Amino acid sequence: MRSQVGRLERPALLGVLMREVINFSSYWRSTTFSATVEPTIYLLAFGFGFGSLVSTVGGYDYVEFVGTGTVATAVLFSSAFAAMFGTFIKYKFQRTYDAILAAPVDTEELATAEAAWIATRAGVYGCVPMLVAIVFGLDPAWGMLLVPFFGFVAGFGWACFGILASAIATSIENFNYIISAGLTPLFLVAGTFFPLDQLPEWLQTVAQLNPLYHLVQLVRHAAFGFEGWSDVGHVAVLIAFGLLMWRLAIWRLEQRLID
Amino acid sequence: MTAPLAIRLRGVVKRYGKITAVDGLDLDVPEGTCVGLLGPNGAGKSTTMKMLTAQAIADEGELSVLGHTLPGASKQARAECGVVPQLDNLDVTLTVEQNLLVFAFLYRLDRRERKPAVERALEIANLVDRRDTRVDKLSGGMRRRLLIARALVHRPRLVLLDEPTVGLDPQVRQELWALIDRLRSEGTSVLMSTHYIEEAERLADSVTIMSHGRAVARGAPQELILEHAGPEAVEVYGAQARLAEVEAEARAAGLATRRTGTSVAVLRLNGDAPAGERRPANLEDVFVLLTGEEIA
C-alpha cells in the first residue's frame, strides 16, 4: 500500500501531523485563550480608541476596517511565530526531529506536515478577530466562509518562512533581527490599521510585495464584496509566496538536520 | 559467512570538514545477534549510528541495513528499525501512552494494530500503571524504559541503541540490560554502541572495537580477551616510580601493560610474569590495549 504525492508519502505526513494533534490536546486551552483575547483587546483599543477620532476609513466603519485587518495579523502571528520558535525548540532543545527522522519520515515530509498543521491552526484562529468584530457590529457575509482558506494559504507561507528562519538561526536570539527588521515592518505596512494610500508612493509599491497586504485585501473583500480578478491576483501571490517559502524551508532544514 | 546480515558496512568514510569521523569502517551485524560497538569518545560510534538512519550521509563506502542500500532506500530500512537515541527526546508534556501512540503513527501501524502495539510496549517498559502519567513526572529510569519501548512499538527487526544506559544508576542499568537481553532472545538484531565495557561483555554476542573511526578488532568478547590480553593479568601496585619500572621490565620481556591509575596491569603473560595480584583478563584490558591509554 503506497500512497504518494510526489515524494511526499501520506503515512509519513499523517504521522507528523498526528504528533502535533496529540500535542495540541495538551495546550489547546492556552492557545485558544490568547487567540481570542488578543484580537478583542486590539479591537477595543483601536476600535474605540482610534474609532472615536476617525469614524470611517476608506469608506468603512473603523471597527470594521480594523476587525478585518487584524485577521491577517492573527494569521501572521499564529503561523510565523509558532513555526520559528516551535521548530527551533523541537530540533535544538527537544531533539524531536532526530526522533522523527529516525522513523520512516524525510525532512521534506516533516517540514510539509508541520507547516500544514500550523497553517490549519492559523486558518481557524485567524477567523477569531472577524467573529469578535461581528459581535462589535460587523455584518456577516457569505464571502467570509472563504477566510479560513485564505488564512490557510497565507499561514502555510508564513509557517514555511518561520521554519526557514529557524533553520538559518544559530541561536534563539537571532529571531530578534527577523522580528524587528522583517515581521514588524511587514505587519505595519499591510493596510491593517490604516489604508496604504496614505503612504508615499514608493512605499505603496513595496507593500505590493508584502504577502500580508494581499491577505488583508482578500479578507476585506470577503467581508465587503469580492473584486473579481484582482482577488484572484491576491490569491495567486499568496500561493506563489507559499510555494517559494516551502521549497526554501525544506532546502535549508535538510542542510540543518542531515549531516 | 552463513547468517544473512542485518547491517553490512564496507569501507565507510564520513568527514566533517577536515575531521574524518569514520575512516574506512567495516561492520557486520548478523541477523538475530547483538553486536556491541565499543570505543572511546570520539571514536566515531555516534556518527556510525547516524549514518544507519541516514541522518548523516557517508562520503564513501557501502552501507546496507536489512537488505536495503543506504542512503537511497533508507526510508524502507528505517521503517523496520527501532532507534533508541543517546539523548532523551520524548515529548515531555505528553503522557506515557500518548508518546507510544505518536510512534505507532510515525511507524505507520494500521488503525487496528495501534492499540495492541501500545499495550505491548507499555508491558515491555513495565509502565502499564503509569500510562496516564506525563513524561516529565517520570523518574530517569522510567523515561529510559519508555524510550526503549517506544522504539519497539512496531516490532522492528533491528534495534539501534546509542549508549542506552549512559548516566544511569547501576540498578537502572541492570533493569535495562534485562530488557535488551530479552530482545535478543526474541530474535531481534541489535547494534548497541557503548563505552561501558561491562555492558558489551554481558549483552553482546560479538564486539567491534572502534578507534579513530576504524574497527580495530572484532569477535566474541571471550575470544578478544584471549587473543589480545591472554587469559590472566597480573596487577602490580606501588609508587609511580615502581610502576614505571614494572612497565619497562614487562615490555622488555615482550609483555603488554596498561595503567589503571593506581596500578600496572601486565598482560599477555608468558613464563616470566612479575609478582602481583592475579586476576582473569577482561574486555577492558583489550579495550585499553587497542584504543590507547591517552584520552584524546
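**Exercise 1.** Which domains does the domain assignment give for chain B, and where do they lie in its numbering?

*Solution.* In this predicted model, the assignment divides chain B into domain 1, covering 5-224, and domain 2, covering 232-280. As a further step, taking the C-alpha centres of domain 1 of chain B and domain 2 of chain B, one finds them 37 Å apart.

**Exercise 2.** Determine how chain A meets chain B, and which helices of chain A take part.

*Solution.* Begin with the contacts, in which 22 residues of chain A meet 22 residues of chain B. On the side of chain A that touches chain B, helix 1 (10-49) and helix 3 (96-102) each supply at least two residues, and helix 1 of chain A gives the most, with eight residues.

**Exercise 3.** Describe the packing of helix 2 of chain A against helix 6 of chain A.

*Solution.* Helix 2 (residues 62-93) and helix 6 (residues 147-168) of chain A pack at an angle of about 30°, their axes being 7 Å apart, and the crossing is right-handed. Next, identify the partners: helix 2 of chain A contributes residues including A:Val71, A:Leu76 and A:Phe88, while among those of helix 6 of chain A are A:Gly151, A:Trp158 and A:Ile163. By class, this contact has 16 nonpolar, six polar and no charged residues.

Conventions:
Residues are numbered from 1 along each chain as its sequence is written. Chains are lettered from A and ligands numbered from 1 in the order in which they are written. This is a predicted model: local features need pLDDT of at least 70, side-chain atom pairs count only at pLDDT 80 or more; totals for chains, interfaces and linings use all residues. Two residues are in contact if their C-beta atoms, placed from the backbone, lie within 7 Å. Helices (H or I, at least four residues) and strands (E, at least two) are DSSP runs, numbered from the N terminus. Domain bounds come from an automatic or database domain assignment. Axes are lines fitted to C-alpha atoms, for helices over the stretch in contact, and angles run from 0 to 180 degrees between N-to-C directions. A crossing is left-handed if the near helix is turned anticlockwise from the far one by less than a right angle, and right-handed if clockwise. Ala, Val, Leu, Ile, Met, Phe, Trp, Tyr, Cys and Pro count as nonpolar, Asp, Glu, Lys and Arg as charged, and the others, Gly among them, as polar.
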